[in-house]
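Reader: I have a structure open and a few questions about it. Can we go through some parts of it?
Author: Go ahead.

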Amino acid sequence: MLCSGFNVVGFNWISSPAATELESIVLDWMGKLLKLPSSFLFSGTGGGVLHGSTCEAAVCTLAAARDKALKELGGWENITKLMVYASDQTHFTFQKAAKLVGIPPSNFRFIETSLSTGFSMSSDQVRLAIEHDIKSGLVPLFLCATIGTTACGAIDPIAELGKVAREYKLWLHIDAAYAGSACICPELRHFLDGVELANSVSMNPHKWFLTNMDCCCLWIKEPRFLVDSLSTDPEILRNKASEFKAVLDYKDWQVALSRRFRALKLWIVIRRHGLANLVYHIRSDISMAKRFEAFVAKDDRFEIVVPRKFALVCFRLKPKQELEGAELNCRLLEAINSSGRAFMTHAVVGGIYVIRCAIGTTMTEERHVDALWKLIQEKAQGLLME
């Protein structure tokens with residue numbers, strides 16, 4: 001309400017110094033909560049920007065990586081040689097972003113994952129794919145690693161992938177949209193180990209950090225590559241502050257010119273709750289997810305398909321025959337959601353249709369988790385009796 005009411009026009013510093021400088025401050029605050037290296041912070045040698053979504057962050061980082069590579073290769077005619085690597089669990093946003101920046105869909109290389117590794121991307125498989133492409137005359141460009149994939153919360157080994165990216169000179173982006181928030185907890189920070197090897201990192205406070213839509217943090221180790229790719233300098237926007245390079249113009253850190261005053265809401269969340277309460281929120285949700293997982297494990301009619309990751313549990317009602325599994329669980333999910341008492345989503349991982357119980361909203365309590373489990377049992381019993 002405040003963001004809309006103030007109606008700040010913050011595309012460059014001179015149009016709203018307060019909005020610009022508050023954004024740089026809260027990006028450093030958030031980065032320090034995650035213990036990001038100083039190379040990603042304004043107080044160090046990097047910097048950050050608030051986008052509306054991971055989609056925007058993906059387009060911007062891919063564009064920066066593309067232009068950096070094409071400059072080194074000597075021209076735009078080489079764009080069809082550029083290769084992007086990600087696991088088969090990576091959010092589809094990155095496929096879309098690659099296409100938007102002109103990289104052919106056939107140049108998006110999926111690295112296969114499996115249940116046996118928790119759907120984590122293997123650095124050895126990435127290396128094999130890169131070697132194969134180099135021998136074919138292609139140019140490895142961009143590697144996306146994920147902390148908390150959408151389907152099942154899988155975690156890629158950042159440090160191992162970072163070494164591969166550095167060896168072959170790829171741009172390494174860490175998509176921590178969902179589970180990055182959890183890394184403010186000391187016991188979970190290790191999932192970001194190796195982040196110093198990355199070129200960019202993004203996470204979404206609007207997913208699990210009590211922040212309203214839309215709010216995506218993007219940190220860049222070398223902002224000049226982003227600015228070189230996205231900057232514009234029309235006569236109407238010229239001013240002394242910008243010409244002397246003494247200020248930050250966020251219009252050059254994003255696709256659009258116009259932008260919302262997103263910094264205010266993240267500032268309010270951090271100031272209102274503080275680190276201790278935000279950590280409590282994350283731990284509480286994880287504890288409730290563990291409670292739900294224990295309920296599932298004790299009922300022989302159900303099975304946990306992917307072990308719990310963060311506050312996400314992927315489970316299903318056991319079918320009598322595997323061919324019936326997807327239809328049975330689709331009907332169960334529909335019965336639960338149509339009750340109006342709860343809402344869950346589904347995914348297909350390793351060829352198996354699973355129901356996702358994702359806990360992360362502001363006011364969820366144990367009684368809600370208990371009520372959800374009773375509802376699931378009730379609807380499952382009805383299906384099995386049929």
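Author: This is a predicted model. One place to begin is helix 8, whose buried residues pack against strand 1 (47–51), helix 3 (54–73), strand 5 (171–175) and strand 7 (216–220).
Reader: Which residues in helix 8 are buried?
Author: In helix 8, which spans residues 223–230, the buried ones are P223, F225, L226, S229 and L230. They sit on the same side of helix 8, because the arc they cover around the axis is only 160 degrees.
Reader: Why would residues three or four places apart point the same way?
Author: An α-helix has 3.6 residues a turn, so residues at that spacing point the same way.
Reader: Different topic. How do helix 11 and helix 12 cross?
Author: The axes of helix 11 (residues 325–338) and helix 12 (residues 366–385) cross at roughly 130 degrees and come within 9 Å. The two helices are therefore oblique to each other, and the crossing is right-handed.
Reader: Which residues meet there?
Author: From helix 11, L328, R331, L332, A335 and I336; from helix 12, L375, I376, K379, A380 and L383. Of the residues in this contact, eight are nonpolar, two are charged and none is polar.
Reader: And L115, where is that?
Author: L115 is in the loop between strand 3 (108–111) and helix 5 (123–135).
Reader: What is L115 in contact with?
Author: Setting aside neighbours within four places in sequence, L115 is in contact with V305 and V306.
Reader: And how far is L115 from L73?
Author: Their C-alpha atoms are separated by 39 Å, and the two residues are 42 residues apart along the chain.

Conventions
Residues are numbered from 1 along each chain as its sequence is written. This is a predicted model: local features need pLDDT of at least 70, side-chain atom pairs count only at pLDDT 80 or more; totals for chains, interfaces and linings use all residues. Side-chain values use heavy atoms; hydrogens and water are left out. Axes are lines fitted to C-alpha atoms, for helices over the stretch in contact, and angles run from 0 to 180 degrees between N-to-C directions. Helices (H or I, at least four residues) and strands (E, at least two) are DSSP runs, numbered from the N terminus. Angles under 35 degrees count as roughly parallel, over 145 as roughly antiparallel, 65 to 115 as roughly perpendicular and the rest as oblique. A crossing is left-handed if the near helix is turned anticlockwise from the far one by less than a right angle, and right-handed if clockwise. Contact means heavy atoms within 4.5 Å. Ala, Val, Leu, Ile, Met, Phe, Trp, Tyr, Cys and Pro count as nonpolar, Asp, Glu, Lys and Arg as charged, and the others, Gly among them, as polar. Buried means under 20% relative accessible area, exposed over 50%, partly exposed in between (1.4 Å probe, protein chains only). The arc is that of the directions from the helix axis to the C-beta atoms.
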